[in-house]
Amino acid sequence: MMRQSTVNRVLLALAGLVLLGGGLLVLVGGFDLYRRWHLSPPDGWPLATPHAVLLSAEDRTRWTDEAWWWPVVIATLVVIVLLALWWLSAQLRRTRPGRMPIGGTAPADGVELHDHALSDAIATEARRLPGVQRAKVRMVGRVRRPQARITLTLTPDSEPGPVLWALCHGPLERARQSTGWTQLPAQARLRIATHKPQRAE
């Protein structure tokens, strides 16, 4: 699954390319470069000369006398504004802490640790615990209050109690000590690995 930051970069890159290409075509037509450089404008492109317009007066007023025109225009604008507000709120509501300060210092004064590095370190140590087959760690929350969400897949013969004790006093405690934080809240979800039934012969 693509991360939110990756999706944002892809969408922004596509929007930037579209705006850049459209702006260049408008500039080429506005400066009459098609005629000067003996170029052919794209098929159907209306802004090929300095005095050309995107929509003629007839096109702009063709549907204004219709009863459905203004409700459709207003509804379309409302949908666009709501989508823009939803996207903006999604960017402001961060679900990952990103770069976190070490030892309680300010980000500008101290060393910063990326949440991916810490989650990878905790997951690597958790996989080495007895009874753990797979481990996945994800840092969530705010920069000042990060939390670890851990998903452990246990072997069929392991017991959850000892695994949780080893997790709290092992990888999580070492992560808290190495970062200098007073606490590191964590949520652990345990799963039991399924094994294929053996056929007796």
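Predicted model: local features only at pLDDT ≥ 70, side-chain atom pairs only at ≥ 80, totals over all residues.

## Aromatic pairs

The whole structure holds 2 aromatic pairs. Rings of Phe, Tyr and Trp (its six-membered ring) pair if their centres lie within 6.5 Å; planes under 30 degrees apart are stacked, over 60 edge-to-face, the rest tilted. The rings of Trp68 and Trp69 have centres 6.0 Å apart and planes at 75°, so this pair is edge-to-face. Trp69 also pairs with Trp70, again edge-to-face, at 6.5 Å centre to centre and 70° between the planes.

Residues are numbered from 1 along each chain as its sequence is written, and side-chain values use heavy atoms, without hydrogens and water.

Trp68 is partly exposed, at 42% relative accessible area. The cut-offs are under 20% for buried and over 50% for exposed, with partly exposed in between (1.4 Å probe, protein chains only). Trp69 is partly exposed at 23%. Trp70 is partly exposed at 49%.

## The second largest pocket

The second largest pocket holds about 240 Å³ of space. A pocket is an open set of points on a 1 Å grid over the protein atoms alone, where a 1.4 Å probe fits, with protein on both sides within 12 Å along at least five of seven lines; lining residues have an atom within 4 Å of a point. The volume is the space filled by probe spheres set on the points, which are joined across faces, edges and corners.

Its lining has 12 residues, and Arg144, Arg145, Pro146, Trp181 and Gln183 are the closest to the centre. By class, the lining of this pocket has 5 nonpolar, 5 polar and 2 charged residues. Ala, Val, Leu, Ile, Met, Phe, Trp, Tyr, Cys and Pro count as nonpolar, Asp, Glu, Lys and Arg as charged, and the others, Gly among them, as polar.
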